[in-house]
Amino acid sequence: MNTPYRLRSIILLALLLFLPIRLWGATPEPPAVPPNYVVDLADIVGDEAERRLNSYLRELEAKTTAQVVVLTVDSLDGESLEGFSLRVAERWRLGQEGKDNGVLLTVAFKDRRYRFEVGYGLEGVMPDSFVGTLGRRYIVPYFKRGDYSAGIFAATVAVVEEIARNEGVTITGTKDFRPTQRVQRRIGIIQSLIGFIIFIFFIILLI
């Protein structure tokens with residue numbers, strides 16, 4: 001083997017070894033198969049929240065066949081969230097064959113981004129309007145406070161309850177936990193306070 005050919009072979013081998021990792025464009029790289037329903041690579045989900053979510057999602061799949069998985073990563077490393085989450089969902093083959101009833105919630109911690117990847121079989125249950133509401137009502141308020149664990153927990157429980165309701169089943173324990181109510185009350189208090197301050201400001205201007 002001559003030197004140029006040997007050099008080209010070494011470069012090609014290096015590229016082949018490197019490409020499978022960088023194609024995912026995320027740190028850390030997701031596993032080939034999800035080890036559980038919550039794959040917390042960014043380590044931002046509390047232990048108790050993770051335990052409960054795994055329990056809820058396991059029961060949901062047993063009763064409805066729908067598979068819901070939560071994935072967190074530190075960073076997308078410049079990768080588009082849409083492309084990344086779609087490839088992960090396809091790689092993991094979420095949902096049942098022929099039903100396409102899988103959901104992937106991806107959270108990129110350092111990028112401050114999240115996305116719901118919904119299989120065709122659940123688009124009627126989770127249309128874009130519902131997914132948008134999940135973000136505004138459950139994820140954004142907690143993420144703004146830095147409480148990623150509570151935001152992920154609340155949004156995932158909302159997904160579980162919506163799918164279960166559509167299938168006419170109940171999931172043990174989900175109705176006992178309503179963390180979003182506390183956030184909504186705080187938001188209401190803050191809005192009332194802001195309104196009161198603006199009112200006082202205008203009174204002072206009039207005086």
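Helix 5 is mostly covered in this predicted model, with 17 of its 20 residues buried. Helix 5 is followed by Gly168, which adopts a positive phi, near 75°.

The helix belongs to a protein that contains 6 helices and 4 strands, arranged from the N terminus in the order α-β-α-β-α-β-β-α-α-α. Of the 207 residues of the protein, 41% count as buried, and the accessible surface amounts to about 12,200 Å², of which 58% is contributed by carbon and sulfur atoms. When contacts between residues at least 6 apart in sequence are considered, 66% of them join residues at least 24 apart.

Helix 2, comprising residues 47–64, can be described in similar terms. Its 18 residues should span 26 Å at 1.5 Å a residue, and the value computed between its end C-alpha atoms is 26 Å, so that expectation and model agree. The buried residues of helix 2 are Ala49, Leu53, Asn54, Tyr56, Leu57, Glu59, Leu60, Glu61 and Thr64, and the elements that cover them include strand 1 (38–40), strand 2 (67–73) and helix 5 (148–167). Just after helix 2, Thr65 takes a positive phi of about 75°.

The axes of helix 2 and helix 5 come within 10 Å and cross at roughly 15°; because angles under 35 degrees count as roughly parallel, helix 2 is roughly parallel to helix 5. The crossing by which helix 2 passes helix 5 is left-handed.

On the side of helix 2, the residues that meet helix 5 are Ala49, Arg52, Leu53, Tyr56, Leu57, Leu60 and Thr64, and among these Ala49, Leu53, Tyr56, Leu57, Leu60 and Thr64 are listed as buried. On the side of helix 5, the residues in contact with helix 2 are Ser149, Ile152, Phe153, Thr156, Val157, Val160, Ile163, Ala164 and Glu167. An α-helix has 3.6 residues a turn, so residues three or four places apart point the same way.

Definitions and conventions: Residues are numbered from 1 along each chain as its sequence is written. This is a predicted model: local features need pLDDT of at least 70, side-chain atom pairs count only at pLDDT 80 or more; totals for chains, interfaces and linings use all residues. Side-chain values use heavy atoms; hydrogens and water are left out. Helices (H or I, at least four residues) and strands (E, at least two) are DSSP runs, numbered from the N terminus. The expected span of a helix is 1.5 Å times one less than its number of residues. Buried means under 20% relative accessible area, exposed over 50%, partly exposed in between (1.4 Å probe, protein chains only). Contact means heavy atoms within 4.5 Å. Accessible areas come from the Shrake-Rupley method with a 1.4 Å probe; for residues, only the protein chains shown count as cover. Axes are lines fitted to C-alpha atoms, for helices over the stretch in contact, and angles run from 0 to 180 degrees between N-to-C directions. Angles under 35 degrees count as roughly parallel, over 145 as roughly antiparallel, 65 to 115 as roughly perpendicular and the rest as oblique. A crossing is left-handed if the near helix is turned anticlockwise from the far one by less than a right angle, and right-handed if clockwise.
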